[in-house]
Amino acid sequence: MLTIDIIKAKQLKDKPDPNNLGFGNYFTDHMFVMDYQEGMGWHNPRVKPYEDLHLDPSAVVFHYGQEMFEGLKAYRRQDGEINLFRPDMNGKRLNNTNDRICMPQIPVEDFVQAVRTLVHTDASWVPEEAGTSLYIRPFVIATEPTLMVNPSKSYLFMIILSPVGAYYKEGLNPVRIYVEDTYVRASKGGVGEAKTGGSYGASMIAQKNAKNEGFAQVLWLDAIEHRYVEEVGTMNIFFKIRGKVYTPALSGSILPGITRDSVISLLKSWDIPIYEERISMDTIIEASKNGDLEEVFGTGTAAVISPVGGIHFKGLDFVVHNNEIGPITRRIYDTLTGMQYGNVKDDFGWIETIEDKNDHGWL
Ligand code: COI
């Protein structure tokens, strides 16, 4: 268990309009910081006022991208308390990423304690408007001042918080996605299953091109044959074909989404057939042409459950479910968000509640 110092901000920020948050535009009054030094391990965990960092320009993170991040959310319940959704899963995934890019492990219980302590400190920032939440962004950066290409000997683990609305401007309306067949996101043996910032930086050119053409996101294909579906820019992807649901198997180049895992468990509990396997674009196009492609949706912490209404592949457009949200997509959305906001019973043990007795409200 960590002993976390709490240094309160002297001046609190004005809060933004909770009906107009967008995603990742505002940050709360405090942040969590913990230092790592080789020989000392993790030390000095603290919650302190949100402020700029002071780093040496030669810090490893700036040159060789030794960095990782996580994403989870805190949800305001109707009774005023706050829910977290499976924070231990983020802690486990953080450690898998850290292993991959040679950064030190953080005990999962310390990770969860840090998240809980920071959210509790900034509890008044958890918005209550429909569809809003407090996005939690833990991240680790390599801080050793050196230009040697070696794992850093020092790190910062930090958590920042951002009150958010929908990730996509479409909200729960279906998005159109562009199947990228030139650039690739990840290959086996690479860092596709790790949550490292470099993967997202490398994906931006395809995302930018897709956006310029009016698409919300890119659907990535496998790096070798450019044929098998992997994931969408900020979410995992599911296809419902003739009553069965398919999602790409975790092959090493796909991010193991926590929402993805939860959706698979929900579908199983409803006895809806769900298959994790390799899915080719040929299968998707054929199903679409035959009228068998019933629903497509993405899953992610930021994106929640996002219906896909159109797929653009090699110059052709395929419309899904009349560009409307399908019944399974709707049921998953209602159940998952219902659990997260405390309106649907959680039979899975996914929800952790943070008491918010001292909440002074948004203003
Ligand atoms: C999340 O859903 O938390 C993500 O990591 C997506 C993010 C890159 C916006």
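Okay, hi everyone. Before anything else, keep in mind that what you see is a predicted model.

Let's start with the rings. To talk about two aromatic rings, you give the distance between their centres and the angle between their planes. How many aromatic pairs are there here? The count is 16. Take Phe85 and Trp350 as one of them: their centres are 5.6 Å apart and the planes make an angle of 80°, which is called edge-to-face. Why would I pick that pair? Phe85 belongs to strand E6, residues 82-85, while Trp350 is in the loop between helix H7 (327-340) and strand E18 (351-354), so the pair ties together parts that are 265 residues apart in sequence. And are these two residues buried or exposed? Phe85 and Trp350 are both buried.

There's also a cluster, where ring pairs link Phe32, Tyr36, Trp42, Phe111, Tyr155 and Phe157.

Rings can have charges over them too. Find Lys13: its charged end sits over the ring of Tyr50, 4.3 Å from the ring centre. Now go to Arg331, whose charged end is over the ring of Trp270, 3.8 Å from the centre.

Next, the nonpolar cores. The largest has 37 residues. Which elements give two or more residues to the core? On the strand side we have E2 (30-37), E3 (41-49), E5 (72-76), E6, E7 (133-142) and E8 (154-164), and then there's helix H3 (108-121). H3 gives the largest share, 6 residues.

Leaving aside neighbours within four places in sequence, Ile136 is in contact with residues including Leu72, Ala74, Leu84, Val115, Val119 and Ile159.

The structure holds 1 cavity of 30 Å³ or more, and the largest cavity has a volume of about 40 Å³. What lines the largest cavity? Look for Arg185, Ser199, Tyr200, Ser203, Trp220 and Gly233. Helix H4, residues 197-212, provides the largest share of that lining, with 3 residues.

That's it from me, thanks!

Terms used. Residues are numbered from 1 along each chain as its sequence is written. This is a predicted model: local features need pLDDT of at least 70, side-chain atom pairs count only at pLDDT 80 or more; totals for chains, interfaces and linings use all residues. Side-chain values use heavy atoms; hydrogens and water are left out. Rings of Phe, Tyr and Trp (its six-membered ring) pair if their centres lie within 6.5 Å; planes under 30 degrees apart count as stacked, over 60 as edge-to-face and the rest as tilted. Helices (H or I, at least four residues) and strands (E, at least two) are DSSP runs, numbered from the N terminus. Buried means under 20% relative accessible area, exposed over 50%, partly exposed in between (1.4 Å probe, protein chains only). A charge sits over a ring if NZ of Lys or CZ of Arg is within 6 Å of the ring centre and within 35 degrees of the ring normal. A nonpolar core is a set of buried Ala, Val, Leu, Ile, Met, Phe, Trp, Tyr and Cys residues joined through side-chain atoms within 4.5 Å. Contact means heavy atoms within 4.5 Å. On a 1 Å grid over the protein atoms alone, a cavity is a set of points where a 1.4 Å probe fits but cannot get out, and a pocket is an open set with protein on both sides within 12 Å along at least five of seven lines; lining residues have an atom within 4 Å of a point. Grid points are joined across faces, edges and corners, and a volume is the space filled by probe spheres set on the points.
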